[in-house]
Amino acid sequence: MHKMPRIWIDYCQFMVSQCKITRSRRTFDRALRALPITQHPRIWPLYLRFAHNLPLPETAIRVYRRYLKLSPENAEEYIDYLRSVGRLDEAAIRLAAVVNDENFLWHELCDLISQNPDKVTSLNVGAIIRGGLTRFTDQLGKLWCSLADYYIRSGHFEKVFDSYAQFEESMIAAKMETTSELGQDEDGDIDLELRLARFELLITRRPLLLNSVLLRQNPHNVHEWHKRVKLYEGQPRQIINTYTEAVQTIDPMKATGKPHTLWVSFARFYEDNEQLDDARTIFEKATKVNYKQVDDLAAVWCEYGEMELRHENYDQALRILRKATAIPARKAEYFDSSEPVQNRVYKSLKVWSMLADLEESLGTFQSTKAVYDRIIDLRIATPQIIINYAMFLEEHNYFEDSFKAYERGIALFKWPNVHDIWNTYLTKFIDRYGGKKLERARDLFEQALDRCPAKYAKTIYLLYAKLEEEYGLARHAMAVYERATAAVEPEEQHQMFNIYIKRAAEIYGVTHTRAIYQKAIEVLPDEHARDMCLRFADMESKLGEIDRARAIYSYCSQICDPRLTAHFWQTWKEFEIRHGNEDTIREMLRIKRSVQATYNTQVNFMSSQMLKATINATGTEVQLEQKSVPTAVFGGLKDD
């Protein structure tokens, strides 16, 4: 009885009541395959009701797609279902597919795609709505609003304005066409004149309208407030109102950008218009705002002081910065965000640095010294502040005080931050005392070199050695150079050995450099060791020590591959031609062949190991052509 719909209906209803989803779906499918198509309308309502109640929409969507092949006129039912389950992208696609139906209303499609721009991604929404504008002239207002709504929800605010402007332009064109058809004079049409005036005003106000939209979206956007002020250029009252509204609206904790720049610009506006009292009022209010960062408040105080300096109110500038750095009643740490910035700005180095500069220029020696001491006591000094303080004391001939300033800075910082302080301190100490306080200078150098990283050791060692050469003992200088060759970075060792050898030759003579050359050849990498060997051998040959020179060449040959270091072998050959005989030249050539064979063996061994590793890694046998094995791969090892 598989052709009887009543049996299938009862069977399907029974399976659905058992809540067996997969078996129910397969039963419905069997019914549709068994029954003639004229009987399908009796099965589909049950099938669709069953699909509606499923927990996951994917099955229902596939069922509906099959149903629409039979009854495409029921597409709206499918679209309603898609909207109910949040499948808006496919709903929009289905709506777009049936928009050519004369009985279909565009409003539903426009509402769907304009209100869900983030979910409808498969359609060109702008093109669809603009197509409706040309097709449905009696619905222009509704469609223009849908297009504007879409652009607003998508964040394309400039396109909102463009759509508005096009709407006004189309209305003006329609009005002019109507007037022309009626034979009326366009110049006397008040309504047309008003529309033209409104369109011109709209075009003029475009930047301001766009700025208003952005500020309504984020009233704490500092950059947009600055742009709004520029839009009112030449309108002082509007600028003042805008600045006032901005500083009252923005919450510094939520601000995008630096809110203090609005206060500074506001005060600068009054300053530019020669209203200093009003500018001071703005600055005073700005210093009471609870900014998010201490640096913002510090910038306000500095700008306040600079304004007074521009107008040569030096005492007032000093008073402002002293007020900014005064210790608050409730002290707080610089990075303690739980405290307002007013309780933390006294530790701002930016304000203290400006105050120190002003005190040096305008204040007394004692007031300037007190400022620098206070910076160090607060532990907010930088190495540059320490150096500035010491230089200031030196300029006033307080040399020992300047050295004490260096010492205080050294106690504050560790390597590598202390490098500049040590470098300046040692240079100034030597310039001041020379060899008069040699032991003290040596102690300072030893302190500086204690835990000194290799990166910074070279400069200090050279300075130390120079001190010993000029004011101390030559053997002490040589000891310093020797320490330096081991303390500097590897890439600087070659240069350090060159300096050491040069100074030793100048002080003690070239014979004293033999031990230095030997150590350099042992320590340096092969590239630099070869250079040292050539120079060492050249020195010995100039001294007439031919056997010594030949021994050096023989030793160096072990690290000189003839294929890569032809210069070395040519130099040795020329040496033997000048100072040797047939036997020594033959011995040199024998050593060259031996070294060549050694390097060939090493290269061939590495090649064979690499080949073996490759074979083991792939797990396959490599079949090499017989002619390429002995010559190309293994070279001299073919007999093995």
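Arginine 268 pairs up with glutamate 271 in a salt bridge, with 3.5 Å between the closest N and O atoms; the term covers a side-chain nitrogen of Lys or Arg within 4 Å of a carboxyl oxygen of Asp or Glu. The model is a predicted one, in which local features need pLDDT of at least 70 and side-chain atom pairs count only at pLDDT 80 or more, while totals for chains, interfaces and linings use all residues. Residues are numbered from 1 along each chain as its sequence is written, and side-chain values use heavy atoms, leaving out hydrogens and water.

Helices here are DSSP runs of H or I with at least four residues, strands are runs of E with at least two, and both are numbered from the N terminus. Arginine 268 is partly exposed at a relative accessible area of 33%, whereas glutamate 271 is buried at 8%. For these labels, buried means under 20% relative accessible area, exposed means over 50%, and partly exposed lies in between (1.4 Å probe, protein chains only). The pair also belongs to a network of salt bridges that links Arg268, Glu271, Glu303 and Arg310.

Across the whole structure, the search turns up 30 salt bridges. One of them, between arginine 503 and glutamate 506, has an N to O distance of 2.1 Å. These two residues are again three apart, about one turn of the helix, this time in H27 (residues 490-508). Arginine 503 is partly exposed at 22% relative accessibility, and glutamate 506 is partly exposed as well, at 49%.

Glutamate 482 and lysine 519 make another salt bridge through their side chains, at 3.7 Å from N to O. This pair ties together distant parts of the chain, with glutamate 482 in helix H26 (residues 474-487) and lysine 519 in helix H28 (residues 514-523), 37 residues apart. Glutamate 482 counts as partly exposed at 39%, as does lysine 519 at 28%.

Helix H27 also packs against a neighbour. Its axis and that of H25 (residues 454-471) come within 12 Å and cross at roughly 5 degrees, the axes being lines fitted to C-alpha atoms over the stretch in contact, with angles from 0 to 180 degrees between N-to-C directions. H25 brings Ala454, Lys458, Leu462 and Glu469 to the contact, and H27 brings Glu492, Gln495, Met496, Ile499, Arg503 and Ile507; contact means heavy atoms within 4.5 Å.

Aspartate 401 is part of helix H22 (residues 399-412) and is partly exposed, with a relative accessible area of 26%. Apart from neighbours within four places in sequence, aspartate 401 touches Lys369 and Leu393. From aspartate 401 to tyrosine 389 the C-alpha to C-alpha distance is 9.7 Å, over a sequence separation of 12 residues.

As for the overall fold, the protein has 33 helices and zero strands. Of its 640 residues, 41% count as buried. Among contacts with a separation of 6 or more, 52% come from residues 24 or more positions apart.
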